[in-house]
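Work through the exercises below with the sequence and the model at hand. Each task is followed by a solution in steps.

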Amino acid sequence: MPFDESCIVPPFYATGTAVARLSLWAIAGWRVRGREKVPRSGPLLVVSNHLHFTDPPIVMASLPRRVVFMAKEELFHHPLAWVVRGVGAFPVRRNQLDRTAFKRGLEALEAGLAVGIFPEGSRSLSGSLKSGLPGAAFLAAHAQVPLLPVAIQGSPQLHGTGWLRRPSITVTIGDPFALPHGNGRVDREQLDFLTDFIMRHIAALLPTTYQGLYKEGTGDHKEGHSSER
């Protein structure tokens, strides 16, 4: 079924976003930098680092437009799956090329929507960027849409009773950018290059200590790709 505004962004999105904003204001020192850089309309691929399960609602609350998330398939078999579906997310099978998810992502972008994806594929327990997986680059290369880099800091502090200490959470939004190589056809070597290109845009928004493999001046890190598959 093709995406359209009514089917992928149900009314619960507005409610869920409002709840996320109120919660962040109430329990955390929440700051958003660069909100004015977000294109208010048109297709957009939002790429962010991933630290905590609260990152999707944090991104929803921080951006001034709706975001349709690619969410790991396991969440759709969770007791709270109704929440994931209720905000318009769609499932993706990790560590493989999920053609169904890819097709749905393309349809959402073709409908002029913003699609959110975490290129690392899973949360970083250390807080530093892990090696990016090729899914975001594959989708962006085929869709030929601008990307918006987002960096989250502090969300793991919301775990357990950490919120009692009113943690500091900062969301930094970078300038939209386009991928090089604009023909939409990429081989594996190009995917690795484009993945690196995307991840370095995210890394540039983080303190040096959290840039991980993408710290300026670091060398080749293709070994990291195999560890994430």
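The model is predicted: local features need pLDDT of at least 70, side-chain atom pairs count only at pLDDT 80 or more, and totals for chains, interfaces and linings use all residues. Residues are numbered from 1 along each chain as its sequence is written, and side-chain values use heavy atoms, with hydrogens and water left out.

**Exercise 1.** Determine where the buried residues of helix H2 (residues 12-27) lie around its axis.

Step 1. Helices are DSSP runs of H or I with at least four residues, strands are runs of E with at least two, and both are numbered from the N terminus. H2 has 16 residues and spans 22 Å from first to last C-alpha, close to the 22 Å expected at 1.5 Å a residue; the expected span is 1.5 Å times one less than the number of residues.

Step 2. Take buried as under 20% relative accessible area, exposed as over 50% and partly exposed as in between, with a 1.4 Å probe and protein chains only. In H2, Tyr 13, Gly 16, Thr 17, Ala 20 and Leu 24 are buried.

Step 3. Viewed down the axis, these residues fall within an arc of 100 degrees, so they line one face of H2. The arc is taken over the directions from the helix axis to the C-beta atoms. An α-helix has 3.6 residues a turn, so residues three or four places apart point the same way.

Step 4. On the face turned away from the buried side, H2 carries the exposed residues Leu 22, Trp 25 and Ala 26.

**Exercise 2.** Is Lys 130 buried or exposed, and which side chain does Lys 130 contact?

Step 1. Lys 130 sits in the loop between strand S5 (114-117) and helix H6 (135-143).

Step 2. With a relative accessible area of 18%, Lys 130 is buried. Its side chain makes a polar contact of 2.5 Å with that of Ser 122.

Note on methods. A polar contact is a pair of N or O atoms within 3.5 Å; within protein, one must be able to donate a hydrogen and the other to accept it, and residues adjacent in sequence count only if both atoms are side-chain atoms.
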